[in-house]
Amino acid sequence: MDSTEVLLPCSNVSFQPVAVSWLRRNSSSENKHLISRIDNASLPCQGNTDKVTFNRADCFQTRDFSILLTPTLRDGGSYYCEVRGQAETVYIRGIELLVFRGKAPSFQVTPAHSTDHSCFWRARRKGDVPAASVIR
């Protein structure tokens, strides 16, 4: 199954950051696992795994530590961006990522012409949440 790249936001940090870590906790574990860690000596900003790409190479200058992730079905869970500054200042942003299998139906426009429209969907059930939501 091809997957679409998603942006996990982590920006608007109000202090001068010195290090950032991205952590993940899946639904079956209470433990957080480190998926990427960089400090302000790591320029340009690059993920240290194949799955993580920082959205901006100048992340420390822009204070935008958002990452791009191409998830598989196993990558759903809670993601945490922890930005550390001097004097133990910490900014934490939590994101809940839900990954699900979708369908790409084909529609006939006219009897002589057809086109494929790709979309992802699933039946909504009571209590469903969006594919990515921010925990405040």
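## A walk through the strands and disulfides

Let's start with two strands: E1 and strand E5 (residues 67-69) pair up in the antiparallel sense, with three bridges between them. Keep in mind that this is a predicted model. One spot to look at is Val-6, whose bridge partner in E5 is Leu-69.

These two strands belong to an open sheet of three strands, ordered E1-E5-E4, with antiparallel pairing. Strand E1 (6-8) and strand E4 (52-54) are at the edges with a single partner strand each, so one side of each has no neighbour in the sheet. On average, neighbouring strands of this sheet are turned by 35 degrees against each other, direction ignored. If strands are new to you, here is the background: strands of a sheet pair through backbone hydrogen bonds, and the pairing can be parallel or antiparallel.

Now for strand E6, which has partners of its own. E2 and E6 pair in the antiparallel sense over eight bridges, and in E6 the bridge partner of Pro-17 is Gly-85. Eight bridges also join E6 to strand E7 (residues 90-97), and these two run antiparallel. Here Ser-78 stands opposite Glu-96 in E7. E6 and E7 form a hairpin with four residues between the strands, and Ala-87 in this hairpin takes a positive phi near 60 degrees.

Next, the cysteines. A disulfide is a covalent bond between the sulfur atoms of two cysteines. How many disulfides does the structure hold? There are two, and here they are side by side:

| Disulfide | S to S distance | Torsion about the S-S bond |
|---|---|---|
| Cys-10 and Cys-81 | 2.0 Å | -65 degrees |
| Cys-45 and Cys-59 | 1.9 Å | about -85 degrees |

The link of Cys-10 and Cys-81 is left-handed. Cys-10 lies in the loop between E1 and strand E2 (17-25), while Cys-81 lies in strand E6 (residues 77-85), so the pair ties together parts that are 71 residues apart in sequence. Cys-10 counts as buried at 0% relative accessibility, and Cys-81 counts as buried at 0% relative accessibility too.

What about the link between Cys-45 and Cys-59? With a torsion of about -85 degrees, this disulfide is left-handed. Cys-45 lies in the loop between strand E3 (33-39) and E4, and Cys-59 lies in helix H1 (residues 59-62), so this pair ties together parts that are 14 residues apart in sequence. Both Cys-45 and Cys-59 are buried. If you number the bonded cysteines of the protein in sequence order, the pairing reads 1-4, 2-3.

Finally, a look at the rings. A pair of aromatic rings is described by the distance of the centres and the angle of the planes. The count here comes to one aromatic pair. The rings of Phe-60 and Phe-65 have their centres 5.1 Å apart and their planes at 75 degrees; planes over 60 degrees apart count as edge-to-face, so that is what this pair is. Phe-60 counts as buried at 5% relative accessibility, and Phe-65 is buried with a relative accessible area of 0%.

Definitions and conventions: Residues are numbered from 1 along each chain as its sequence is written. This is a predicted model: local features need pLDDT of at least 70, side-chain atom pairs count only at pLDDT 80 or more; totals for chains, interfaces and linings use all residues. Side-chain values use heavy atoms; hydrogens and water are left out. Two strands pair if DSSP finds at least two bridges between them. Axes are lines fitted to C-alpha atoms, for helices over the stretch in contact, and angles run from 0 to 180 degrees between N-to-C directions. A disulfide is a pair of cysteine sulfur atoms within 2.5 Å. Buried means under 20% relative accessible area, exposed over 50%, partly exposed in between (1.4 Å probe, protein chains only). Rings of Phe, Tyr and Trp (its six-membered ring) pair if their centres lie within 6.5 Å; planes under 30 degrees apart count as stacked, over 60 as edge-to-face and the rest as tilted.
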